[in-house]
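Hi there,

Here is the structure I promised to pass on to you. Have a look at it first, and my notes follow below.

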2 protein chains.
Amino acid sequence: MQEDRKLAVLRAIVGDYVSTREPVGSKALVERHHLGVSPATVRNDMAALEEEGLIAQPHTSAGRIPTDKGYRFFVDRLTQIKPMSSAEKRAISTFLEGAHDLDDVIQRSVRLLAQLTQQVAIVQYPTLARSTVRHVEVVALSPTRLLLVLILSTGRVEQRVLELPTELAEDSLIDLRSKILRAAAGQRISDAAAGLGNLADQVPPSERAQVTAVAGALVEAMSNERYDERVVVGGTANLARFGEGFDQSIKPMLEALEEHVVLLKLLGETTSSGAVTVRIGHEGPYQELATTSVVATGYGPGVEAVGSLGIVGPTRMDYPGSMAAVRAVARYVSTILDQA
Amino acid sequence: MQEDRKLAVLRAIVGDYVSTREPVGSKALVERHHLGVSPATVRNDMAALEEEGLIAQPHTSAGRIPTDKGYRFFVDRLTQIKPMSSAEKRAISTFLEGAHDLDDVIQRSVRLLAQLTQQVAIVQYPTLARSTVRHVEVVALSPTRLLLVLILSTGRVEQRVLELPTELAEDSLIDLRSKILRAAAGQRISDAAAGLGNLADQVPPSERAQVTAVAGALVEAMSNERYDERVVVGGTANLARFGEGFDQSIKPMLEALEEHVVLLKLLGETTSSGAVTVRIGHEGPYQELATTSVVATGYGPGVEAVGSLGIVGPTRMDYPGSMAAVRAVARYVSTILDQA
DNA sequence: TCTTGGCACTCGCAGCAAGCGAGTGCCAAC
DNA sequence: GTTGGCACTCGCTTGCTGCGAGTGCCAAGA
């Protein structure tokens, strides 16, 4: 028995099953792929593959379908990510470059990813933790009301309106503003927060309460977990294509899509941008989503990822295509964030 | 034949069908509701109701189900919106009052509405058109880069980074800032836009290009249609409860939920806050959603609505409950926006 | 040793028929 | 106007049968 033919059979089974949604039998296989051997031979190979746990039969008199392990093998060993066509590349870049601001970039990415893969797409907002402070602005709306604006390297803008206990004089404000800029501008979030914390010690006691309040609000804005958790979902309509048996998987899926925490966990802690990770079926953290796979990667201007994006779909999905799309979109998003 | 009993029968049919999902027959009706008459009598009433087009039989040997017209009659004439229990009221207000900013209010409203009604909830962001400008801030990030921040009465904050063709002097900036504030602060969006448009005529020609750019960007930010179109959706997981026959209606539903324009049209042009509108089945603008109903209302601090919110679900839904929930949430959102 | 054709076997599934029963419409009596 | 009775309809369940796709195994051939 030739080992490579056995693997070719596995590859063919995965391919056929993904496109037809139906268990594939030995006869159909030799017809659709010119393997140059007879069905009987293929049957022998199939028996061996089943022995190894890579494929399985739903019931006795049916064809074979890949197991999670089979998909894993397929993804790891039998496929390389196919590059996008130049037309696709062009479409991606023009579509994404039309974006105005961060929100727009994220939103377009989701749509794009969903459309390219025909799956549900998930994009995480850039996390604050790994970004730096580009600018801080303090504006007096009234003597006791301040507007704080925080601009981060990822393009995210945070703003707070702060009520002061006592009035703040005009020149104190100017002084405060420059102090804050010195302490925070250009720093990483964590360092900036530390710098701001020390600020209160550098001003006369009369202003201390106010400075503490402002610094506190800024630090709070920086460590705003709500944004760390923020993800955008798109292409839910693709769930309807799951087919008949989706009754079981569509409900947990919809539930998961509502819970951003769950989605973040699904995307996983992709800390380095570049590598596309694939989580197949039961490999994921949620029992209910045992029939779904996740293809995800990190994105970010540098090597270090500031966020994740990916797709979720049935284990029976086009892995090479999905991986290519995810990687391509992540790359384009990264370069766009770099420019901004 | 007593007219009111006939209507009681319709009410009972709607009630039973909504809770059981199954066509309801004459015998079951008299058992579950003590109508004080025999099944035969009820059958006569049913025949009359069917004659009027308020109920129908899916097939000959089955019970009756309400038609869209029947639901309409039920909603218009047979039910008054039941007030929320005080426990529910308390839950709503504490849940919504925990919100920090506008985004938070909207997000919580969606969740709340979805949970109260067990349907898909939709909340529109306050439209810019009817809000006023609370504050405008212009900040120089660098000599040729300006940050524009626009704060509106609804709590929405818009910001833009603007590249200037030429450098802008510090004192010109201060001057420009006060001019802008005079032209826009406190005005309605439309008036503010007009005022900003005239601004360029009031400055020396040397600064005209810059002022035009700034004013243009602000006007653009004010009339940002992206936000007028912005809606948030929640409770999609409730779609899974649609039951078996959802195959037909869940797909158009998911597609609609992706298209914000469609959702806005579904919510309808509710210009006055207070009245809850119900659109049943085919009454809606979309053929594909002929089996779904929409319960919506406007919200806003005053009489005039600044946005809409509502729910979408199968025509077979609990109308009194949904209407009560929609109305209650809209009221609370309105008061919270008023405070902010 | 691997490949191949043949062959018996399994088993899901479509198709059909029968019986059940919920529900109706109609009618005559109250 | 209401009610009990009764014949009738018809969808749904159950059980059965035959078909066919697909398998595993085996013996013969390369």
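**What I found in it**

Arg21(A) sits in the loop that links α1 (3-20) to α2 of chain A; helices (H or I, at least four residues) and strands (E, at least two) are DSSP runs, numbered from the N terminus. Its phi is near 70°, a positive value in a residue other than glycine. Arg21(A) has 14 C-beta neighbours inside 10 Å, so it counts as partly exposed. For that label, C-beta atoms are placed from the backbone: a residue is buried if 20 or more other C-beta atoms lie within 10 Å of its own, exposed if 12 or fewer, and partly exposed in between.

Before going further, please keep in mind that this is a predicted model, where local features need pLDDT of at least 70, side-chain atom pairs count only at pLDDT 80 or more, and totals for chains, interfaces and linings use all residues. Residues are numbered from 1 along each chain as its sequence is written, while chains are lettered from A and ligands numbered from 1 in the order in which they are written.

With 18 C-beta neighbours inside 10 Å, Gln118(A) is partly exposed.

Arg72(A) belongs to helix α4 (residues 68-77) of chain A, and its 19 C-beta neighbours inside 10 Å make it partly exposed. Along the chain, Arg72(A) and Glu283(A) are 211 residues apart, yet their C-alpha atoms are separated by 9.7 Å.

**Chain A as a whole**

Chain A has 13 helices and 10 strands. Its radius of gyration is 26 Å, well over the 20 Å that the globule rule gives for 340 residues, so chain A is more spread out than a compact globule. Here the radius is taken over C-alpha atoms, and the rule is 2.2 Å times the number of residues to the power 0.38. Along the principal axes, the C-alpha atoms fill a box of roughly 90 × 40 × 30 Å. Of the 340 residues in chain A, 41% are buried. Among contacts in chain A with a separation of 6 or more, 62% are between residues 24 or more positions apart; two residues are in contact if their C-beta atoms, placed from the backbone, lie within 7 Å.

**How the two chains meet**

Chain A and chain B each bring 19 residues to their contact. On the side of chain A that touches chain B, β4 (133-142), β5 (145-152), β6 (157-163) and α11 (246-258) each supply at least two residues. The classes are: Ala, Val, Leu, Ile, Met, Phe, Trp, Tyr, Cys and Pro as nonpolar, Asp, Glu, Lys and Arg as charged, and the others, Gly among them, as polar.

Chain A superposes on chain B by a rotation of 180° with 0.3 Å of shift along the axis (RMSD 0.2 Å). The two copies are thus related as by a two-fold rotation axis. The same surface serves both copies, since 100% of the contact residues of chain A recur in chain B.

**The DNA strands**

Around DNA strand C there are 22 residues, of which Ser38(A), Thr41(A), Thr60(A), Ser61(A) and Gly25(B) come nearest. A residue is near a strand if its C-beta atom, placed from the backbone, lies within 6 Å of it. The largest share of this surface, 4 residues, comes from α3(B).

DNA strand D likewise has 22 residues around it, with Gly25(A), Ser38(B), Thr41(B), Thr60(B) and Ser61(B) nearest. Here the largest share, 4 residues, is from α3(A). The surface near DNA strand D has 8 nonpolar, 11 polar and 3 charged residues.

**A strand in chain B**

In strand β10 (residues 307-314) of chain B, 8 of the 8 residues are buried, so the strand is largely enclosed by the rest of the structure. Strand β9 (residues 292-299) of chain B runs antiparallel to β10(B), joined by 8 bridges.

Best wishes

Notes. Least-squares fit on C-alpha atoms with pLDDT ≥ 70 in both. Pairing = 2+ DSSP bridges.
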